[in-house]
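Q: I'd like to learn how to read a protein model. Could we go through it feature by feature?

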Amino acid sequence: MLHLLGVSHLAQARMDGVEKTDAQKAFSGLLKQVIQDVHPVFIAEEQSEENLANSKIISIPKEISDSEGIEHRFCDPNTAERRSIGYLGRDEIIVWHKNLFGSNLSVEE
């Protein structure tokens, strides 16, 4: 069985040495409760080790997985993997659209 938890990226990671926000505390509590209730084989998250290192942030799901002795998996591709599969991020899509259609997209578009 698969269980998905949707969460804001702001609740998913924290700055080292900074107290958790209310959202991060709520997410931590929820994830710990789900672990007790579901007994997952592993925890996966939409994040990459490369992004964490570049952003100097700490994965809350990874911290909790490690403390609970549960396997953890990062599921986002790193920069090299994104390049190899032709993945376009938001900035690349905006440039691509401008080059193709000669107009700018707003971030919302």
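This is a predicted model: local features need pLDDT of at least 70, side-chain atom pairs count only at pLDDT 80 or more; totals for chains, interfaces and linings use all residues.

Q: Which residue just after helix 6 takes a positive phi?

A: That's G102, with a phi of about 70 degrees.

Q: How many residues does helix 6 have, and what does it reach from its first C-alpha to its last?

A: The expected span of a helix is 1.5 Å times one less than its number of residues. Helix 6 has 12 residues and reaches 16 Å, close to the 16 Å expected.

Q: Is F101 buried or exposed?

A: Buried means under 20% relative accessible area, exposed over 50%, and partly exposed is in between (1.4 Å probe, protein chains only). F101, which sits in helix 6 (residues 90-101), counts as exposed because its relative accessibility is 54%.

Q: How many salt bridges does the count come to?

A: Side chains of opposite charge can pair when their charged atoms come close. The rule for a salt bridge is a side-chain nitrogen of Lys or Arg within 4 Å of a carboxyl oxygen of Asp or Glu, and the count comes to five. One of them pairs E63 with R14, whose closest N and O atoms are 2.5 Å apart. E63 lies in helix 4 (residues 60-68) and R14 in strand 1 (residues 13-15), so this pair ties together parts that are 49 residues apart in sequence. R14 is buried, at 14% relative accessible area, while E63 is partly exposed at 28%.

Q: Where do K62 and D66 lie?

A: An α-helix has 3.6 residues a turn, so residues three or four places apart point the same way. K62 and D66 both lie in helix 4, four residues apart, about one turn of the helix. Their side chains meet in a salt bridge at 2.9 Å, N to O.

Q: Which residues are on the covered face of strand 2?

A: I43 and E45 are on the covered face of strand 2 (residues 42-45), with F42 and A44 on the uncovered one. Two strands pair if DSSP finds at least two bridges between them. Strand 2 runs parallel to strand 4 (residues 71-74), joined by four bridges, and I43 stands opposite H72.

Q: What does the side chain of Q12 make a polar contact with?

A: A polar contact is a pair of N or O atoms within 3.5 Å; within protein, one must be able to donate a hydrogen and the other to accept it, and residues adjacent in sequence count only if both atoms are side-chain atoms. Q12 contacts the side chain of E45 at 2.6 Å, and a polar atom of the Q12 side chain lies 3.1 Å from the backbone oxygen of E46. Q12 is in helix 1 (residues 9-12) and counts as buried, at 5% relative accessibility.

Notes:
Residues are numbered from 1 along each chain as its sequence is written. Side-chain values use heavy atoms; hydrogens and water are left out. Helices (H or I, at least four residues) and strands (E, at least two) are DSSP runs, numbered from the N terminus.
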